[in-house]
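Here is a short tour for anyone who likes to have the cut-offs next to the values. Please keep the viewer open while you read.

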Amino acid sequence: CVLHQNVPNTVSTITGVVSAKNINIDHMFNKSKGAFAYTVLDLDDAPTQELVDELKALNTVYGVRVINP
């Protein structure tokens, strides 16, 4: 789950970071309210710490939470 600013190109940037790691997004959900948004990504492979760190480093991202099944 990625908490981020509700601004243009943020979702495409997030999905670009994931796809650059050659990880498929099986399902995605995005919801926003005002200036804030969150995106839930259901990935085919477990995210690496490197991926999580790259997402956290984006200037539009407030935080990232990994939820394991």
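V64 is placed in strand 4 (residues 61-64), where helices (H or I, at least four residues) and strands (E, at least two) are DSSP runs, numbered from the N terminus.

F29 belongs to strand 2 and counts as partly exposed at 41%. The C-alpha atoms of F29 and L43 are 12 Å apart, for a sequence separation of 14 residues.

## How the model is read

Residues are numbered from 1 along each chain as its sequence is written, and side-chain values use heavy atoms, with hydrogens and water left out. Since this is a predicted model, local features need pLDDT of at least 70 and side-chain atom pairs count only at pLDDT 80 or more, while totals for chains, interfaces and linings use all residues.

## The largest pocket

Rolling a probe the size of a water molecule over the atoms shows where empty space is left. The largest pocket has a volume of about 360 Å³. Here a pocket is an open set of points on a 1 Å grid over the protein atoms alone, with protein on both sides within 12 Å along at least five of seven lines; a cavity, by contrast, is a set of points where a 1.4 Å probe fits but cannot get out, and lining residues have an atom within 4 Å of a point. Grid points are joined across faces, edges and corners, and the volume is the space filled by probe spheres set on the points.

Strand 3 provides the largest share, five residues. By class, the lining holds 15 nonpolar, two polar and four charged residues; Ala, Val, Leu, Ile, Met, Phe, Trp, Tyr, Cys and Pro count as nonpolar, Asp, Glu, Lys and Arg as charged, and the others, Gly among them, as polar.

How many salt bridges does the rule give? The count comes to two, where a salt bridge is a side-chain nitrogen of Lys or Arg within 4 Å of a carboxyl oxygen of Asp or Glu. In one of them, K21 pairs with E50 at 3.0 Å, N to O. This pair links distant parts of the chain, 29 residues apart: K21 sits in the loop between helix 1 (10-20) and strand 2 (25-33), and E50 in helix 2.

K21 also forms a salt bridge with E54, with the closest N and O atoms 2.7 Å apart. E54 is in helix 2 and K21 in the loop between helix 1 and strand 2, so this pair ties together parts 33 residues apart in sequence. K21 is partly exposed at 26%, and E54 is partly exposed at 32%. Together, K21, E50 and E54 are linked in a network of salt bridges.

## A nonpolar surface patch

L3, F29, F36, Y38, V40 and Y62 make a nonpolar surface patch of about 560 Å². Patches are made of residues with over 30% relative accessible area and no salt bridge; like charges are joined within 9 Å and nonpolar side chains (Val, Leu, Ile, Met, Phe, Trp, Tyr) within 5 Å. Accessible areas come from the Shrake-Rupley method with a 1.4 Å probe, and for residues only the protein chains shown count as cover.

Strand 3 gives the largest share of the patch, three residues. L3 is placed in strand 1 (residues 2-5) and is partly exposed, with a relative accessible area of 39%.

## Two positive phi values

Most residues other than glycine have a negative phi. N9 has a positive phi, near 75 degrees; N9 is in the loop between strand 1 and helix 1 and counts as exposed at 58%. N22 also has a positive phi, near 60 degrees. N22 is found in the loop between helix 1 and strand 2, and is exposed at 69%.

Key: Buried < 20%, exposed > 50% of the residue type's maximum accessible area, 1.4 Å probe, protein only.
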